[in-house]
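Please look over the sequence and the structure below. The paragraphs that follow lead through them step by step.

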Amino acid sequence: MAGFSSVLRRTYLTLYNWTVFVGWQVPHFNSYVAPCSYSDLVLTSGFDLIMLNNCRFQVLYLAVKTLRESGHEHVYDAVEKPLLLAQSAAVLEIFHGLVGLVRSPITATLPQIGSRLFVVWGILWSFPEVRTHVLVSSLVISWSITEIIRYSFFGTKEALGSAPSWLLWLRYSTFMLLYPTGITSEVGLIYVALPYIKESEKYCIRMPNTWNFSFDYFYSAILVLGIYVPGSPHMYTYMLGQRKKALSKSKKE
């Protein structure tokens, strides 16, 4: 029974990692790429959620193509739906940690996924004024390269039992550049959105009301920015520790 559970776990994680890898990277071979609708986000099961190839856009390809042909102002429009799908699918990784499918601590997974969801849904999707900023391009490219490497590494490891040394090195080295560029883009976009958040009062709850409760999205966004101050060095230090451990283990083997 334990052997069957192990095979099932590895099969599921292999499918999950390679499917999201495809969603982040590979251009579809059809000359026409059918857009996916927002109804695609309403998925009935975990299996449905990992089948992200129903959405034929691939984030990195479209971002680079649009950046080259049309400029950074149009990058978000090109990648919006696959970006939302691929990033929202990462919620499953919190579940994976909670139920013990993976060994990654929830304290490392939750802040990273939470901050990304806040940026894609709470900033970019909610405030169109920010979408044409050049930081959207650096954000999408940093995230895409990071995830392509990460999902291919774990997909290979789950499928074959190990990953090649060059992929291991990429997994635990490229973050040293891509993490700062990604974090800088996230923080910058939240900061750029602050005037629009304050002016629109979107998602704000004002008194008086039935619940006798008030909420200000503007100050919540400022609070999120404040969390980046201790959170970013903590995550970077954690990844440096993981790098040292993984590369040392690889040398011994």
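A residue is called buried when its relative accessible area is under 20%, exposed when it is over 50%, and partly exposed in between (1.4 Å probe, protein chains only). This is a predicted model, in which local features need pLDDT of at least 70 and side-chain atom pairs count only at pLDDT 80 or more, while totals for chains, interfaces and linings use all residues. Residues are numbered from 1 along each chain as its sequence is written, and side-chain values use heavy atoms, with hydrogens and water left out.

The protein has 10 helices and zero strands; helices (H or I, at least four residues) and strands (E, at least two) are DSSP runs, numbered from the N terminus. Of the 253 residues, 42% are buried. Contact means heavy atoms within 4.5 Å. Among contacts between residues at least 6 apart in sequence, 76% join residues at least 24 apart.

Two residues show how such contacts look. W169 lies in helix α8, residues 165-171, and is partly exposed, with a relative accessible area of 46%. Leaving aside neighbours within four places in sequence, W169 is in contact with T174, R243 and L247. W169 and L247 are 78 residues apart in sequence, yet their C-alpha atoms are 7.3 Å apart in space. S137, in helix α7 (residues 135-160), is buried at 6% relative accessibility. Not counting residues up to four places away in sequence, S137 touches L67, H72 and V75.

Next come the charged residues. Side chains of opposite charge can pair when their charged atoms come close. A salt bridge is a side-chain nitrogen of Lys or Arg within 4 Å of a carboxyl oxygen of Asp or Glu, and by this rule the count comes to seven. One of them joins E93 and R150, with the closest N and O atoms 3.0 Å apart. E93 lies in helix α5 (residues 91-99) and R150 in helix α7, so this pair ties together parts that are 57 residues apart in sequence. E93 is buried at 11% relative accessibility, and R150 is buried at 14%.

Another salt bridge links D216 and R206, where the closest N and O atoms are 3.1 Å apart. Both D216 and R206 lie in the loop between α9 (175-200) and α10, so the pair ties together parts that are 10 residues apart in sequence. R206 is partly exposed, at 38% relative accessible area. Salt bridges that share partners also join E93, R116, E147 and R150 into one network.
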